[in-house]
Amino acid sequence: MMVRALVFLCLLALPARAEIAITEVTSPGGIRAWLVEDPSIPFVAVELRFRGGTSLDEPGKRGAVNLMTALIEEGTGDLDSQGFAAARDALAADFRFDAYQDAVSVSARMLTENRDQAADLLARALAEPSLDPAAVERVRGQVLANIASDARDPQAIAGRVFDRLAWGDHPYGSSGDGTEESVRGLTRDDLLAAHRATLARDRVFVGAAGDITAEELGLLIDRLVAGLPAEGAPMPPRGQWLAGGGVTVEPFPVPQSLVLFGHEGIPRDDPDFFAAYLLNEIIGGGRFSARLMTELREKRGLTYGVGTYLAPWDLGNVYMGQFQSDNARVAEAIALVRAEWARMAGEGVTPQELEVAKTYQTGSYPLRFDGNAPIARILVGMQMQGLPIDYVTNRNAYIEAVTVEDIARVAARILRADDLRFVVVGRPEGLETTP
């Protein structure tokens with residue numbers, strides 16, 4: 001769960017830097033992209049993101065999109081996995097393919113002098129992955145090993161239980177990796193269907209940064225997606241939040257219990273989102289001055305760390321938190337989380353707390369822009385979240401405009417202590433599963 005929030009947290013971390021000049025580009029084929037041009041270093045980073053991700057798995061085929069994505073770099077045409085890697089390395093290019101619940105991402109870094117050849121190689125891999133049987137079985141084995149490892153990992157266990165309680169049969173309710181049974185049953189035809197469903201031109205978002213002009217980028221984009229279908233599979237419906245308040249205990253032999261907690265959140269386009277974002281920073285954003293950190297760690301030593309985050313995904317929204325605590329004291333820690341949630345809902349925050357949160361949020365972000373690849377990823381994230389192209393310029397003003405009164409109103413609206421569901425993996429003393 002926490003990992004899935006990182007992309008969104010990076011997105012909110014855009015600094016207001018005048019040197020970040022974003023140009024909107026439309027390729028000759030009609031694909032829109034955002035570009036930060038920088039010819040100072042002769043390479044470019046390009047990020048393609050296809051909306052839908054593992055949520056597009058067909059019923060009974062859980063894990064197909066994830067496995068298909070892992071196989072893109074395993075060969076194309078007459079190139080097997082080793083041949084593809086050698087061709088890529090000879091061009092000093094770098095490709096990465098990842099599957100998430102809301103998107104499949106393709107990250108590429110290419111030298112200017114080899115850009116056309118690298119783009120041709122990547123385009124071949126995207127359009128016609130060979131799905132060689134030997135490669136399929138090798139990568140399938142890697143996925144199965146990950147699934148087996150997750151079955152012994154308290155955090156993965158907690159995430160799986162929480163997702164099932166929160167989203168039920170919706171794709172968000174299960175891991176995009178699939179199960180041992182579903183992954184073992186996937187055929188080559190299933191992987192080809194997953195490819196057609198996800199990698200399509202009607203759902204691609206593009207960001208680029210580096211040594212490339214707008215005209216060159218437009219041609220490059222069309223080259224990369226030329227072999228992909230025009231339309232992919234229909235998007236799934238929005239998820240319905242199902243988890244009510246209470247505690248779910250998942251017994252596991254560890255000295256410290258791992259706790260995930262949360263309730264339904266708010267969408268990114270909600271007018272109250274920036275107030276909610278600052279509210280979260282104050283209650284559990286991860287800094288040592290956050291209220292939950294103060295109450296659980298500093299005052300009582302119940303945990304090493306506790307953090308919360310808002311996650312407005314494409315098909316549903318969640319407000320989540322996590323901590324670990326000794327089995328003998330985890331019940332006390334949960335009671336304190338509930339109490340602090342309720343206290344902030346009733347009292348809001350102090351002017352000083354808000355000012356500190358604003359200062360941190362508006363002043364700590366330039367390090368996020370530490371290269372062309374991070375910039376390209378951020379540009380794609382902005383587009384997928386529906387943010388305007390001038391967001392970078394105006395972002396800090398949105399933060400500064402939030403008032404104490406805004407925070408109080410939003411806290412009363414979104415913090416619902418009675419609705420918090422706690423999933424506890426461990427051997428907690430004095431806690432049992434409640435309905």
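Me: Are phenylalanine 261 and phenylalanine 323 buried or exposed?

Reply: A residue is called buried when its relative accessible area is under 20%, exposed when it is over 50%, and partly exposed in between, with a 1.4 Å probe and protein chains only. In this structure, both phenylalanine 261 and phenylalanine 323 are buried. This is a predicted model, in which local features need pLDDT of at least 70 and side-chain atom pairs count only at pLDDT 80 or more, while totals for chains, interfaces and linings use all residues. Residues are numbered from 1 along each chain as its sequence is written, and side-chain values use heavy atoms, leaving out hydrogens and water.

Me: How many aromatic pairs does the structure hold?

Reply: Rings of Phe, Tyr and Trp (its six-membered ring) pair if their centres lie within 6.5 Å, and planes under 30 degrees apart count as stacked, over 60 as edge-to-face and the rest as tilted. The structure holds 13 aromatic pairs. One of them joins phenylalanine 261 and phenylalanine 323, a tilted pair with 6.1 Å from centre to centre and 55° between the planes. Because phenylalanine 261 lies in strand 10 (residues 256–264) and phenylalanine 323 in strand 12 (residues 316–326), the pair ties together parts that are 62 residues apart in sequence. Ring pairs also link Phe162, Trp167, Tyr172, Trp241 and Trp313 into a cluster.

Me: How many helices and strands are there in the protein?

Reply: Helices (H or I, at least four residues) and strands (E, at least two) are DSSP runs, numbered from the N terminus. The protein has 16 helices and 13 strands, and its C-alpha trace spans about 60 × 50 × 35 Å along the principal axes.
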